[in-house]
Amino acid sequence: MKNRYKKFDKHNYLRLSEWGSAFNLSFSRHEVLSNKIIGLDGIKRKLLVAEKNNESGRPYIIELAKVTAITVKKIYNSIKAGALKTRRIEEFLESILLQFEYATEKDPIVLPFYERKLNEIQDLQGVEKKARNWQIILSKIATTQKNEFV
């Protein structure tokens, strides 16, 4: 399981720190995904998302105050009749996404936590747990923001 014990290496930490400074964010939590780095500023209710191996790429910010729903979405490949008799459902899973929906936007923002082509199937359970934990944390932050204005 190569991803389970993956450390938040110095290079990624420095890049996240630089981006935090550039956007005036202070991260209370962070995560390295297969191809993304995310950092949460809980006070400002913002989530920074950046490509892990793209030095020239610019990160983007998800403003949790504007998010109406955060869900974990699983996408499966097609399953032929009878295929589940010989294979487990996990073998058909293509991706696990954290989906952010806005009232003002037609298309949601998706953040991949698991992608079949990038992750090992044995990492699936741990990655799904991470996605659900992030969903709970981010949903609480988004809800807290809305409740302050009521």
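Trainee: How do you know that the span of helix α1 agrees with its number of residues?

Mentor: The expected span of a helix is 1.5 Å times one less than its number of residues. Helix α1 has 13 residues, 10–22, so it should span 18 Å, and its end C-alpha atoms are 18 Å apart, which agrees. Helices (H or I, at least four residues) and strands (E, at least two) are DSSP runs, numbered from the N terminus. This is a predicted model, in which local features need pLDDT of at least 70, side-chain atom pairs count only at pLDDT 80 or more, and totals for chains, interfaces and linings use all residues. Residues are numbered from 1 along each chain as its sequence is written, and side-chain values use heavy atoms, with hydrogens and water left out.

Trainee: Which residues of α1 are buried?

Mentor: N12, R15, L16, W19 and G20 are buried in α1, where buried means under 20% relative accessible area, exposed over 50% and partly exposed in between (1.4 Å probe, protein chains only). They cover an arc of only 140 degrees around the axis, taken from the directions from the helix axis to the C-beta atoms, which puts them on the same side of α1. The face turned away from that buried side carries the exposed residues K10, E18 and S21.

Trainee: What do the buried residues of α1 pack against?

Mentor: They pack against the strands β1 (29–32), β2 (36–41) and β3 (46–51). Just after α1, N24 takes a positive phi of about 60 degrees.

Trainee: What makes a group of residues a nonpolar core?

Mentor: The members must be buried Ala, Val, Leu, Ile, Met, Phe, Trp, Tyr or Cys residues, joined through side-chain atoms within 4.5 Å. The largest such core has 25 residues, of which L47, L64, L98, F100, L111, F113 and L138 touch the most other members. Helix α2 (124–148) is one of the elements that each supply at least two residues, and α2 gives the most, with seven residues. A second, separate core of six residues includes L16, I37, L48 and A50.

Trainee: Why is the pairing of E51 and K36 called a salt bridge?

Mentor: A salt bridge needs a side-chain nitrogen of Lys or Arg within 4 Å of a carboxyl oxygen of Asp or Glu. The N to O distance for E51 and K36 is 2.4 Å, so the pair qualifies. E51 lies in strand β3 and K36 in strand β2, so the pair ties together parts that are 15 residues apart in sequence.

Trainee: Are K36 and E51 buried or partly exposed?

Mentor: K36 has 8% relative accessibility and counts as buried, whereas E51, at 35%, is partly exposed.

Trainee: How many salt bridges does the whole structure have?

Mentor: A search finds six. Among them, E63 pairs with K66, the closest N and O atoms being 3.8 Å apart. K74 and E128 also meet in one (2.8 Å, N to O). That pair links K74 in strand β5 with E128 in helix α2, 54 residues apart. Salt bridges that share partners join K74, E128 and R132 into one network.

Key: Contact means heavy atoms within 4.5 Å.
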